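Take a look inside this protein.

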Amino acid sequence: MTVGNSSTPLTRAESDLLQTLSARWTMHILLALHATDGLGRFGEIQEVVSGISNRVLSGRLADMEDRGLVSRNVTATRPVTITYRLTDLGQHVATALTRLREVAATQFDG
C-alpha cells in the first residue's frame, strides 16, 4: 500500500499502527482518554465509550498497551485501582484523531 502520491510503501511500524487503529473501538478509547487529559479508569472509559463490553474493552486496552499507545498503572488499594494513561505515542495519535473528529463535525454534520 502506498500513501498519497508517494510510491514509498508503508513501513512495518506504519502498517502496524494503522492495523491497531482499525480494530473496532480503538479510536473511541483513544478519544475517551484524550478527553480526560490522557488518564482514566476502566469504568470511566466504559461510560464514555457506550456500547462496549467489559471483555472487548479489556482486550482493546491490553492490545493498545502492547502497541505502546497506553500504559497501565496498578495501585495497591482496596479494591485495587487500575488506571490507563496515554503514552506519548498515544497522545500524538489521539490529537490527530481529535483533528479528524473536528473535520468530520464541520464537513459531515448536517
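The lining of the largest cavity divides into four nonpolar residues, two polar and one charged. Bear in mind that this is a predicted model.

How many cavities of 30 Å³ or more does the structure hold? It holds one. The volume of the largest cavity is about 30 Å³. Its lining is made by Ala32, Leu33, Thr36, Gly40, Glu44, Ile45 and Val48. Two elements, α2 (26-35) and α3 (42-48), each give two or more residues to this lining. α3 gives the most, with three residues.

Sorted by class, the lining looks like this.

| Class of lining residue | Number of residues |
|---|---|
| Nonpolar | four residues |
| Polar | two residues |

Now for the core. In soluble globular proteins, nonpolar side chains tend to be buried together. The largest nonpolar core here has 20 residues. Which of them touch the most other members? They are Ile29, Leu30, Leu33, Ile45 and Val49. The elements that supply two or more residues to this core are α2, α4 (54-66), β3 (81-86) and α5 (88-108). α2 gives the most to the core, with five residues.

Leu33 and Ile45 belong to both pictures. They line the largest cavity, and they are among the core residues that touch the most other members.

Ile29 is then in contact with Ile45, Val49, Ile52, Leu57, Arg60, Leu61 and Met64.

Methods:
Residues numbered from 1 in each chain as written. Predicted model: local features only at pLDDT ≥ 70, side-chain atom pairs only at ≥ 80, totals over all residues. Heavy atoms only, no water. 1 Å grid on protein atoms, 1.4 Å probe; cavity = no way out; pocket = protein on both sides within 12 Å on 5 of 7 lines; lining within 4 Å. Points joined across faces, edges and corners; volume = space filled by probe spheres on them. Helix = DSSP H or I, 4+ residues; strand = E, 2+ residues; numbered from the N terminus. Nonpolar A, V, L, I, M, F, W, Y, C, P; charged D, E, K, R; others polar. Core = buried A, V, L, I, M, F, W, Y, C linked by side-chain atoms within 4.5 Å. Buried < 20%, exposed > 50% of the residue type's maximum accessible area, 1.4 Å probe, protein only. Contact = heavy atoms within 4.5 Å. Lists of a residue's contacts leave out its neighbours within four places in sequence.
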